[in-house]
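I open these notes with the overall make-up of the chain and then turn to single residues.

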Amino acid sequence: MMTVERFIRGSSKAGQHELLKLAFVTKGAFLSSVVFTAEAHNLIPFSRHFLILALAVILMTISLSILLTGIRDPLCALEDVWARLFIGKDNTETETERLHPKTD
């Protein structure tokens with residue numbers, strides 16, 4: 001709804017889109033959907049009940065550790081590796097450096 005609201009108000013900016021800055025809950029839901037899709041195609045030899053329990057325990061434990069310790073998103077390390085290997089992007093650069101690269 002925020003995207004539509006920003007578009008109507010005229011304050012929509014491409015860099016502020018919610019899909020570009022996913023929260024941990026959204027990332028967990030995406031990973032869970034991948035796991036359940038793999039289970040539906042018999043690529044994972046575990047039962048659906050075990051996967052539900054395992055994903056719930058893992059995601060709740062990580063969410064509690066984020067709340068209690070104040071750490072950043074634990075999946076950022078995996079995203080950095082993914083971006084460097086497959087996309088060729090270095091996530092350490094700032095948004096300003098990415099939008100306005102230095103030319104010598």
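**Basis.** I worked from a predicted model, in which local features need pLDDT of at least 70 and side-chain atom pairs count only at pLDDT 80 or more, while totals for chains, interfaces and linings use all residues. Residues are numbered from 1 along each chain as its sequence is written, and side-chain values use heavy atoms, with hydrogens and water left out.

**Whole chain.** I looked up the secondary structure and found five helices and zero strands; helices (H or I, at least four residues) and strands (E, at least two) are DSSP runs, numbered from the N terminus. Along the sequence the pattern reads α-α-α-α-α. Of the 104 residues in the protein chain, 12% are buried; buried means under 20% relative accessible area, exposed over 50%, and partly exposed in between (1.4 Å probe, protein chains only). I noted an accessible surface of about 8800 Å², with 67% of that surface belonging to carbon and sulfur atoms; the areas come from the Shrake-Rupley method with a 1.4 Å probe, and for residues only the protein chains shown count as cover. Among contacts (heavy atoms within 4.5 Å) with a separation of 6 or more, 32% join residues 24 or more positions apart.

**K27.** I placed K27 in helix α2, residues 24–40. K27 counts as buried because its relative accessible area is 12%. Leaving aside neighbours within four places in sequence, I found K27 in contact with L22, D73, L75, C76 and E79.

**N42.** I found N42 in the loop between α2 and α3. The phi of N42 is near 60 degrees, a positive value in a residue other than glycine. N42 is classed as exposed because its relative accessible area is 69%.

Helix α3 spans residues 48–69, 22 residues in total. I recorded 31 Å from its first C-alpha to its last, close to the 32 Å expected at 1.5 Å a residue; the expected span is 1.5 Å times one less than the number of residues. Just after α3, G70 takes a positive phi of about 75 degrees.

**Surface patch.** I listed V81, W82, L85, F86 and I87 as a nonpolar patch on the surface, together holding about 600 Å² of accessible area. Patches are made of residues with over 30% relative accessible area and no salt bridge, where like charges are joined within 9 Å and nonpolar side chains (Val, Leu, Ile, Met, Phe, Trp, Tyr) within 5 Å. A salt bridge is a side-chain nitrogen of Lys or Arg within 4 Å of a carboxyl oxygen of Asp or Glu. I87 is found in helix α4, residues 76–87, and is exposed, with a relative accessible area of 58%.
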